[in-house]
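Colleague: I would like a close look at one part of this model. Please take the salt bridges, and then the nonpolar groups around them.

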Amino acid sequence: MAESWTDALRRLGAAQKGHARGAPAYSVYVNRKIGRVLAATAYVWGWTPNGVTAVSALFTFTAIALLCLAPVSVWLGIVVAVLLALGYAWDSADGQLARLRGGGSVAGEWLDHFVDALKIASLHLAVVIGLFRFTDIDAIWLLIPLGFSVVAVVTFFGMLLNDLLKGKNDVASTHTRGGGTAFRSLLLLPTDYGLLCLVFVLWGVPVVFLAVYGLVGLCCAGFLALAAAKWFREMRAIDAGRVSA
């Protein structure tokens, strides 16, 4: 007998572990729960994790294309925010669906990370294009999304590289589940991609959007500076352990 949606949702809820230490609040308390509902739905519909990743990409890149192609308006900002948030929720759902189906695959993990990399590399550039094409703001303000793009790409690469080198040297990753706290998650909220999605509701008022978006970018830059120093110390510690061994 096929498993019901309710049973699938209940099984996912029981299988959830504590969140990673670096997971911010929206991702933990909102996005994961929405993703759980979507994963249970995809499961009873017979979808695959890769299919869910494709749905996530469809929502996300539709929003990115709209930023580049459509005139700035209040309604466009709302639509873009909703599409980005849905894309993020489906991004959470693919891993949870894989868990429901008994485990993921290396190819699936590669596809998920590849789509994430493409999203991170293109979203802020779409902001540059949209503001340049459809507003009359001074070009100097375009340095904000360009800088945010650098911060976002380097942060994503740094996290992947950090975990890769730790795995290569048999060192446990700090992203291990179960290490997070509610206070830490709230403290990291300004760095949350989910929060960034919601900021686009301000897209119709470019000056306000840039102010809030720039503040979020500044918080992300501060996080990257602190994280980079921590990651480098961890790499130094691995070197020291190899020498002493």
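Predicted model: local features only at pLDDT ≥ 70, side-chain atom pairs only at ≥ 80, totals over all residues.

Modeller: Let us start with the charged pairs. Across the whole structure, a search finds 3 salt bridges. Side chains of opposite charge can pair when their charged atoms come close.

Which residues are linked in a network of salt bridges? They are Lys-166, Lys-230 and Glu-234. Take the Lys-166 link. Its side chain meets that of Glu-234, with 3.0 Å from N to O. Lys-166 belongs to helix H6 (residues 143-168), while Glu-234 belongs to helix H9 (residues 206-244), so this pair ties together parts 68 residues apart in sequence. Lys-166 is buried, at 3% relative accessibility. Glu-234 is buried as well, with a relative accessible area of 16%. Both values fall under the 20% cut-off, which means that they count as buried.

Now the other link to Glu-234. Lys-230 bridges to this residue with its closest N and O atoms 2.5 Å apart. Here both partners sit in helix H9, 4 residues apart, or about one turn of the helix. Lys-230 is partly exposed, at 29% relative accessibility.

The remaining bridge joins Asp-116 to Lys-119, and the closest N and O atoms are 3.5 Å apart. These two lie in helix H5 (residues 106-134), 3 residues apart, which means about one helical turn between them. Is Asp-116 buried or exposed? It is buried, with a relative accessible area of 12%. Lys-119 is buried too, at 7% relative accessibility.

H6 has 26 residues, and at 1.5 Å a residue it should span 38 Å. Its end C-alpha atoms are 37 Å apart, which agrees. Lys-166 is one of the buried residues of H6. Others on that list include Phe-148, Val-151, Phe-156 and Asn-162. Just after H6 comes Asp-170, with a positive phi of about 55 degrees.

Next, the nonpolar interior. In soluble globular proteins, nonpolar side chains tend to be buried together. The largest nonpolar core here has 36 residues, and Phe-200 and Trp-203 touch the most other members. Helices H3 (49-69), H4, H5, H6, H8 (193-199) and H9 each give two or more residues to this core. H9 gives the most, with 8 residues.

What does Phe-200 touch, leaving out residues up to four places away in sequence? Its contacts include Leu-67, Ile-78, Leu-84, Leu-123, Val-127 and Phe-209. A second, separate core has 13 residues, among them Leu-12, Ala-40, Val-52 and Leu-97.

Finally, the surface. Val-74, Trp-75, Ile-78, Val-82, Leu-86 and Val-201 form a nonpolar patch there, with about 550 Å² of accessible area together. Leu-86 lies in helix H4 (residues 74-100). This leucine is partly exposed, at 32% relative accessibility. Ile-78 is a patch member and also one of the residues that Phe-200 touches.

Technical notes
Residues numbered from 1 in each chain as written. Heavy atoms only, no water. Salt bridge = Lys/Arg side-chain N within 4 Å of Asp/Glu carboxyl O. Buried < 20%, exposed > 50% of the residue type's maximum accessible area, 1.4 Å probe, protein only. Expected span 1.5 Å × (residues − 1). Patch = residues over 30% accessible without salt bridge, like charges linked within 9 Å, V, L, I, M, F, W, Y side chains within 5 Å. Areas by Shrake-Rupley, 256 points an atom, 1.4 Å probe, with all protein chains shown as cover. Core = buried A, V, L, I, M, F, W, Y, C linked by side-chain atoms within 4.5 Å. Contact = heavy atoms within 4.5 Å.
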